[in-house]
Amino acid sequence: EALRQVDAETRYILESCVVENHRREVSYALGRAYESWKKLCEVVLGKCFDRVSTDQKENILFDLLHVIPPTIRDATLPEASAMLLSEVLLQLITKLREERVQMDVLGMSESSALPVERMSTLLRHMLDCILDKQRHDLVQGNVYATLVNLLRLIIQSSSPSSSLSRPSASRSDSSLSLSSLAGSMTLSRTTSSSKLISSSASDSLEDAVSLMLKQNMDKLISTIARDAIDGSEVWKTIAFTLLECLVHFSSSSLLSQSSNASAAGHAIHTSLSRYALLSSFVSSLRDSSPVLLDLLESPDGDTNGNSGGDTDLNALYVYEAKMSFLVRVAEGRVGAGKLLEERILVVLGQAPWLDARPEGEDSTNSMGDGFLPSAMTRYHELLVPALQLVSSIIATLGVSHVQASKQVS
């Protein structure tokens, strides 16, 4: 009897090992297949995409964009493969924006509006990926960046000049919106009738996107804000960039007088107030003063002689993205009033790094191996966003606003 039990247990262990080995072999093969597919996509998108016929390019991009997010959400997909797919996802949406810029250059964008149904479906997939919050920060960050590009593509298609409405305070903002800026500078070559058709399609897309954002805004803002407050430095930058983009989209949508757009804009401010997020962001700005001051006063690195450039510049990038978001909030009267209530101008007035203007010959020289910009350049990168925020609040509320004028002075 005992031998029979030993044989049964041995057989069970061996069969389990066979099953587990088979699972690992399949998982390994799947991972290698995703790696190869990613490399293939990079080659096709980077080197060979001009060989694809013009009328097929967007369809190919949309087909790939639609299948990747649900795959990323699959709980059985290994984390390493999810990271690879999220990188491809970002490459695809970037390529789609590049193609739209080319269409602007050729004067074709007015007669070829973005497909409402496909864009809406893609946005729904992206929101599902973000709200699931089941993946590594790297995957989440790539999805955030993809959503930023998606929203800016919609803004660009509905109002090409909107991306030039103000200088951005964020370094990441300027890099992500490069194709949007290029598309904004093209000349329109279409007739008034084609403009009317494109405008109608754009309004329909904007309305559909606004409705979807309004329905998910509360969870979306709280999820992104959590990463903006508690995430690592690089993901804080991307999170603030996405928050800025959501405010930008809502403010540009308000111009269309759409009820859904108005509700989406209202939902953002409601969520920011409900979770006291503006208060947290203003407090984090105050708390970051020692790091920003050290960026100016200790540019050579730490006491061990190691270069501290990466950490310092990451703090600067977070600051720029945060200030870009706050400037965008201040462009609306409700947002400017809320920031004034949170005493943002008082915090800036007490910021020690605003008084730390570099002096002497070293202030204009790049430090170390040339990776870091000069101390004066870094000071300006801290000063200019603060001045932009002050200007936005005054421009929005008016010079006759007693509390704003008092705090500014």
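Take the expected span of a helix to be 1.5 Å times one less than its number of residues, with helices (H or I, at least four residues) and strands (E, at least two) read as DSSP runs numbered from the N terminus. This is a predicted model, where local features need pLDDT of at least 70, side-chain atom pairs count only at pLDDT 80 or more, and totals for chains, interfaces and linings use all residues. Residues are numbered from 1 along each chain as its sequence is written, and side-chain values use heavy atoms, leaving out hydrogens and water.

Helix 16 puts that rule to work: its 23 residues (375-397) should span 33 Å, and the end C-alpha atoms sit 34 Å apart, which agrees.

Overall, the protein chain has 17 helices and zero strands. Of its 409 residues, 47% are buried (under 20% relative accessible area, with exposed meaning over 50% and partly exposed in between; 1.4 Å probe, protein chains only).

Helix 11 (residues 277-287) has Leu 277, Leu 278, Phe 281, Val 282 and Leu 285 buried. Down the axis of helix 11, these buried residues fall within an arc of 140 degrees (taken from the directions from the axis to the C-beta atoms), so they line one face of the helix. In general, an α-helix has 3.6 residues a turn, so residues three or four places apart point the same way.
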